[in-house]
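Below are some questions a student might ask about how words are applied to a protein model. Each reply sets a value against a rule.

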Amino acid sequence: QLQLVESGGGLVQPGGSLRLSCAASGFTLDYYAIGWFRQAPGKEHEGVSCITSSDHSTNYADSVKGRFTISRDNAKNTVYLQMNSLKPEDTGIYYCAAVSVVKAPAAVEAMCVKELYDYWGQGTQVTVAS
């Protein structure tokens, strides 16, 4: 069974850091592009960051550029999202999602669109508050 499991969320003060992990089981991430999305209360899913499977090219939402870093370790079948300088507006449920390289767009800039993704984790809550 294909499964993605997020971890690493929690409560952090503004300016703090968290590292989210997305571990895959039942399939290898080698042939999948991965995206991180978040959903704040009452809002739609927002594409936060995406990473290709081939050359590990990355893309970020303007709201997180310079603060968040996505990376992947295919040997561990895991993708990470390092989040620094967190702000209250970063609060939400963070989801990772996977799409096959066969289906993913060639340009990473076009990849952070939730409708593309076939497999989703259950989400992990991130709360930034003092």
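**Aromatic pairs and the chain around them**

The count of aromatic pairs comes to seven; rings of Phe, Tyr and Trp (its six-membered ring) pair if their centres lie within 6.5 Å. This is a predicted model, in which local features need pLDDT of at least 70 and side-chain atom pairs count only at pLDDT 80 or more, while totals for chains, interfaces and linings use all residues. Residues are numbered from 1 along each chain as its sequence is written, and side-chain values use heavy atoms, with hydrogens and water left out.

Q: Why is the pair of F37 and W120 called tilted?
A: Planes under 30 degrees apart count as stacked, over 60 as edge-to-face, and the rest as tilted. The ring centres of F37 and W120 are 5.0 Å apart and the planes stand at 45°, so the pair is tilted.

Q: What makes the pair of F37 and W120 a tie between parts of the chain?
A: F37 belongs to strand β4 (residues 32-39) and W120 to strand β10 (residues 119-120), so the pair joins parts that are 83 residues apart in sequence. Strands are DSSP runs of E with at least two residues, and helices are runs of H or I with at least four, numbered from the N terminus. The protein chain has zero helices and eleven strands.

Q: Is F37 buried or exposed?
A: Buried means under 20% relative accessible area, exposed over 50%, and partly exposed in between (1.4 Å probe, protein chains only). F37 has 1% relative accessibility, so F37 counts as buried.

Q: Why does W120 count as partly exposed?
A: The relative accessibility of W120 is 31%, so W120 counts as partly exposed.

Q: What kind of aromatic pair do Y117 and W120 form?
A: The pair of Y117 and W120 is edge-to-face, with 6.3 Å centre to centre and 70° between the planes. Y117 itself is at 6% relative accessibility and therefore counts as buried.

Q: Which residues do ring pairs link into a cluster?
A: The cluster consists of F37, Y95, Y117 and W120.

Q: How do you know that the radius of gyration of the protein chain agrees with a compact globule?
A: The radius is taken over C-alpha atoms, and the globule rule is 2.2 Å times the number of residues to the power 0.38. For 130 residues a compact globule would have a radius near 14 Å, and the protein chain has 14 Å, so the two agree.

Q: How many of the residues count as buried?
A: Of the 130 residues of the protein chain, the buried share is 45%.
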